[in-house]
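Have the structure open while you read.

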Amino acid sequence: LNNISRFKFSKIKYFDQYEADLSFHNQDVIFFNDKGSILKFDKMSNLIWEHNYYSKRERKKKPFLFFGNDNNTLIVADNTAKYYALNIKSGNLLWMKTNDSPFNSEIKMYKDKFFVVDFTNTLRCFSIIDGSEIWNFKTTISTIKSQKKSSILLIDNIVYFSNSIGDVTSIEAETGNFIWQTPTQSS
């Protein structure tokens, strides 16, 4: 293997305790460092853009980021309760909001919406256009805050997600109407 290029990242503390995702746009790769800077690289590992939308105080908290994209917009949610949208081509900020609770899940996008689960085991549906909350669905709150990332699956118009206590829930994507829920663990 030939060494194409090299880029030095700030080390993310306790990286092995998280489940980091790469985001892809065409043949480009999007990732982040320990201060919340988002970096986009081309297929030859050349840096296309780098942006950080965190204050000095927020950077000290070492935000861990979760990504979702629809080839136009990059949605970012983090473990400090922020969520925001970037233009995926330029990295410019489109909007930024704050949630009541930090996020710890995959991000799935559907039409003009995106879905993410927070630490209170609430599935939240937000608008991609302006970040406003469209609906939310609360499940049982766990007393233990697990670093294990919640999974979200989107098939047709149905959102399936698991919460931190092992329940799998099915919700209608457009309206947020409950369909079914089943436990995967016994108490």
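Here, buried means under 20% relative accessible area, exposed means over 50%, and partly exposed is in between. Keep in mind that this is a predicted model.

Q: Is Glu58 buried, exposed or partly exposed?
A: Glu58 has a relative accessible area of 23%. Buried would need under 20% and exposed over 50%. So Glu58 lands in between and counts as partly exposed.

Q: Which side chain does Glu58 meet in a salt bridge?
A: Glu58 sits in helix H1 (residues 56-60), and its partner is 24 residues apart from it, in strand E7 (residues 82-87). The N to O distance is 3.1 Å, and the partner is Lys82.

Q: What is the N to O distance in the salt bridge of Asp118 and Arg124?
A: Asp118 is buried, and Arg124 is buried as well. Their side chains meet in a salt bridge, and the N to O distance is 2.7 Å.

Q: Which residues do salt bridges with shared partners join into one network?
A: Side chains of opposite charge can pair when their charged atoms come close. In this model the count comes to nine salt bridges. Some of them share partners, and one network joins Lys111, Asp112, Lys113 and Glu174.

Q: What separates the C-alpha atoms of Asp130 and Asp112?
A: Asp130 lies in the loop between strand E11 (122-127) and strand E12 (133-138). Asp112 is 18 residues apart from Asp130 along the chain. Their C-alpha atoms are separated by 9.9 Å.

Q: Which side chains make polar contacts with the side chain of Asp130?
A: Asp130 is partly exposed, with a relative accessible area of 37%. Leaving out residues up to four places away in sequence, Asp130 touches Trp95 and Lys97. Its side chain also makes polar contacts, at 3.2 Å with Ser127 and at 2.8 Å with Ser132.

Q: Why is the pair of Phe64 and Phe66 edge-to-face?
A: A pair of aromatic rings is described by the distance of the centres and the angle of the planes. The count here comes to 16 aromatic pairs. For Phe64 and Phe66 the centres are 5.7 Å apart and the planes are at 65°. Planes over 60 degrees apart count as edge-to-face, so this pair is edge-to-face.

Q: What is the angle between the planes of Phe115 and Trp135?
A: Phe115 is in strand E10 (residues 113-117) and Trp135 is in strand E12, 20 residues apart. Phe115 is buried with a relative accessible area of 0%, and Trp135 counts as buried at 9%. The pair is tilted, with 5.8 Å centre to centre and an angle between the planes of 45°.

Q: Which residues do ring pairs link into a cluster?
A: Two of the members, Phe64 and Phe66, are both buried. The cluster linked by ring pairs is Phe31, Phe32, Phe64, Phe66 and Phe67.

Methods: Residues numbered from 1 in each chain as written. Predicted model: local features only at pLDDT ≥ 70, side-chain atom pairs only at ≥ 80, totals over all residues. Heavy atoms only, no water. Helix = DSSP H or I, 4+ residues; strand = E, 2+ residues; numbered from the N terminus. Buried < 20%, exposed > 50% of the residue type's maximum accessible area, 1.4 Å probe, protein only. Contact = heavy atoms within 4.5 Å. Polar contact = N/O pair within 3.5 Å; in protein donor to acceptor, adjacent residues only side chain to side chain. Salt bridge = Lys/Arg side-chain N within 4 Å of Asp/Glu carboxyl O. Phe/Tyr/Trp six-rings, centres within 6.5 Å; stacked < 30°, edge-to-face > 60°.
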